[in-house]
Amino acid sequence: MTIAKKIEATLSESSWIRKMFEEGARLRAEHGVANVYDFSLGNPNLKPPKNFRNSLIDIANSSVEGNHAYMPNVGFPYVRKSVAAYVSVEQQAEVSEKEIIMTCGAAGALNVIFKTILDPGDEVITPSPYFVEYKFYADNHGGILKTVPTKPDFSLNINAISSAINNKTKAVLINSPNNPTGQIYSKESLIELGTVLILQGKYTAKKV
Ligand SMILES: Cc1ncc(COP(=O)(O)O)c(C=O)c1O
């Protein structure tokens with residue numbers, strides 16, 4: 001069976017991540033689990049709490065009508081409400097349930113967002129080093145990932161971001177704590193970034 005040329009190219013570029021993971025498994029088998037530190041994939045080494053596992057079992061066993069049926073595309077209203085309340089406290093910024101959409105993971109969320117906002121040739125700016133899959137998420141929807149340097153301590157280089165913005169810019173993609181650098185962006189740098197985006201006409205803030 002033939003596969004699309006774009007997927008062929010993507011596979012050859014991305015396969016090193018999986019190779020690193022597989023090499024880790026090979027080395028563990030050769031030298032013993034205790035002797036190999038695997039930093040390849042972000043697999044949690046903590047087990048989910050007992051309450052969480054029990055809740056999953058209860059839900060799977062539940063015979064409540066419609067429990068295993070389709071849900072609204074954006075997720076159940078009570079779940080969105082509960083997540084909004086949690087995020088509002090965690091981030092100390094009010095988020096309403098209307099601003100919450102349930103997705104299958106961050107990759108699913110970013111692909112939905114990019115599909116929604118990108119026209120072919122539009123640009124997504126991200127500080128480098130960056131999570132390597134970001135290039136593919138943008139490319140999946142005709143977008144181009146444009147990388148900009150960070151400061152030496154991996155904090156945001158607002159000048160570099162500001163200079164990279166042009167009329168094709170549709171998003172500035174940051175994640176904090178950052179993967180792979182671990183840098184947590186300061187409140188001041190996020191406010192500065194928000195101000196730059198407002199001044200460049202890329203963002204309308206309800207509260208900064
Ligand atoms: C920064 C970042 N973005 C996106 C993803 C993809 O996340 P998910 O596995 O939830 O789709 C990861 C996963 O490690 C990540 O670290």
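Which residues form a nonpolar patch on the surface? In this structure the patch consists of M1, I3, I7 and L11, which together have about 480 Å² of accessible area. The structure is a predicted model, in which local features need pLDDT of at least 70 and side-chain atom pairs count only at pLDDT 80 or more, whereas totals for chains, interfaces and linings use all residues. Residues are numbered from 1 along each chain as its sequence is written, and side-chain values use heavy atoms, with hydrogens and water left out.

Patches are made of residues with over 30% relative accessible area and no salt bridge, with like charges joined within 9 Å and nonpolar side chains (Val, Leu, Ile, Met, Phe, Trp, Tyr) within 5 Å. Accessible areas come from the Shrake-Rupley method with a 1.4 Å probe, and for residues only the protein chains shown count as cover. Between the C-alpha atoms of E8 and M20, twelve residues apart along the chain, the separation is 19 Å.

Six salt bridges are found in a search of the whole structure, each defined as a side-chain nitrogen of Lys or Arg within 4 Å of a carboxyl oxygen of Asp or Glu. One of them joins the side chains of E23 and R26 at 2.9 Å, N to O. These two residues are separated by about one helical turn, because they are three residues apart in helix α1. Both are partly exposed, E23 at 35% relative accessibility and R26 at 42%. A network of salt bridges links E23, R26 and E30.

A further salt bridge pairs D122 with K170, with the closest N and O atoms 2.8 Å apart. Since D122 lies in the loop between α4 and β1 (123–128) and K170 in strand β3, this pair ties together parts that are 48 residues apart in sequence. D122 is buried, with a relative accessible area of 8%, while K170 is partly exposed at 39%. The side chains of K146 and E123 also meet in a salt bridge (3.0 Å, N to O). Here K146 is in strand β2 (residues 144–149) and E123 in strand β1, so the pair ties together parts that are 23 residues apart in sequence. K146 is partly exposed, at 25% relative accessible area, and E123 is buried, at 12%.

The largest pocket holds about 2500 Å³ of space. Its lining comprises 42 residues, of which V87, Q91, V95, I174 and Y203 are the closest to its centre. Two or more lining residues are given by each of α3 (77–91), α4 (105–117), β3 (169–172) and α7 (187–199), and the largest share, seven residues, comes from α4. By class, the lining has 26 nonpolar, eight polar and eight charged residues; Ala, Val, Leu, Ile, Met, Phe, Trp, Tyr, Cys and Pro count as nonpolar, Asp, Glu, Lys and Arg as charged, and the others, Gly among them, as polar. A pocket is an open set of points on a 1 Å grid over the protein atoms alone, where a 1.4 Å probe fits, with protein on both sides within 12 Å along at least five of seven lines, and lining residues have an atom within 4 Å of a point.

Key. Grid points are joined across faces, edges and corners, and a volume is the space filled by probe spheres set on the points. Helices (H or I, at least four residues) and strands (E, at least two) are DSSP runs, numbered from the N terminus. Buried means under 20% relative accessible area, exposed over 50%, partly exposed in between (1.4 Å probe, protein chains only).
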